[in-house]
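Student: I would like to learn how to read a structure like this one. Please show me where to begin.

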Amino acid sequence: MRKLKILVTGIGITGKSTFRRKLVKELRNMGFRVEHFDADRFIELRHPADADCIMQLPKAFVNSVIYIIEDIYGPIREKAHLPIEEYDLIFYLRPALLPHLIFWLPRMIKWYQFGLYSWEPEPIGWKGTGKPKDWRNLWPIIKAFLRDMANRKKWIRADLTTISSLNHKIVESRRAKNGPRFKILL
């Protein structure tokens, strides 16, 4: 088997990390060797299932390994970790409006509880006071939510235009009682 590079992408707060982890688990259960990378690389709120997540993309990709790379900026040439054309398959997570709102609610609560919000790639990092439950973080968290909701259609349209000629699958993500659920659309 040759090396395989899979991109997991979509706009913010759509369940990309959970989808990546589930994909890694499924492929490993099937006997494949899988390496995964989260381009966000934030350590402060790292999920336990990311303990084996590689922190930097390798200089050379090895045959017989499936690489699953989560990169919100994957479709944006100037910000992507790898050129979009290098991927063999792209999973684009696209929730409808109501599920996207539902994804945002627990995230805003978590951000408020931690006192950190809107992580951006280095050198920016986290925004916020760093003080748990600090009311000064409330308005900026709400502004981040409103900005994303106001721009979601435009961002999704731009991303889908970029990946339209490439091998891709649209993944409908929605919130369920036990966490996000995903449906790959044909």
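**A buried arginine and its surroundings**

Tutor: Begin with R20, which is buried, having a relative accessible area of 0%. Buried means under 20% relative accessible area, exposed over 50%, and partly exposed in between, with a 1.4 Å probe and protein chains only. This is a predicted model, in which local features need pLDDT of at least 70, side-chain atom pairs count only at pLDDT 80 or more, and totals for chains, interfaces and linings use all residues. Residues are numbered from 1 along each chain as its sequence is written, and side-chain values use heavy atoms, with hydrogens and water left out.

Student: In which element does R20 lie?

Tutor: Helices (H or I, at least four residues) and strands (E, at least two) are DSSP runs, numbered from the N terminus. R20 belongs to helix 1, residues 16-29.

Student: Which side chain makes a polar contact with the side chain of R20?

Tutor: A polar contact is a pair of N or O atoms within 3.5 Å; within protein, one must be able to donate a hydrogen and the other to accept it, and residues adjacent in sequence count only if both atoms are side-chain atoms. For R20, the partner is the side chain of E70, at 2.7 Å.

Student: Is E70 buried or exposed?

Tutor: E70 is buried, with a relative accessible area of 3%. E70 sits in strand 3, which covers residues 66-70. Its side chain also has a polar contact of 2.9 Å with the side chain of S17.

Student: How many helices and strands does the chain have?

Tutor: The chain has 3 helices and 8 strands. Along the sequence, their order is β-α-β-β-β-α-β-β-α-β-β.

Student: How much of the chain is buried?

Tutor: Of its 186 residues, 43% count as buried. As for contacts in the chain with a separation of 6 or more, 66% come from residues 24 or more positions apart.

Student: What are the numbers of positive and negative side chains?

Tutor: Lys and Arg count as positive and Asp and Glu as negative, while His and the chain ends are not counted. Here there are 34 positive and 19 negative side chains.

Note on methods
Contact means heavy atoms within 4.5 Å. The place of a charge is taken as NZ of Lys, CZ of Arg, CG of Asp or CD of Glu.
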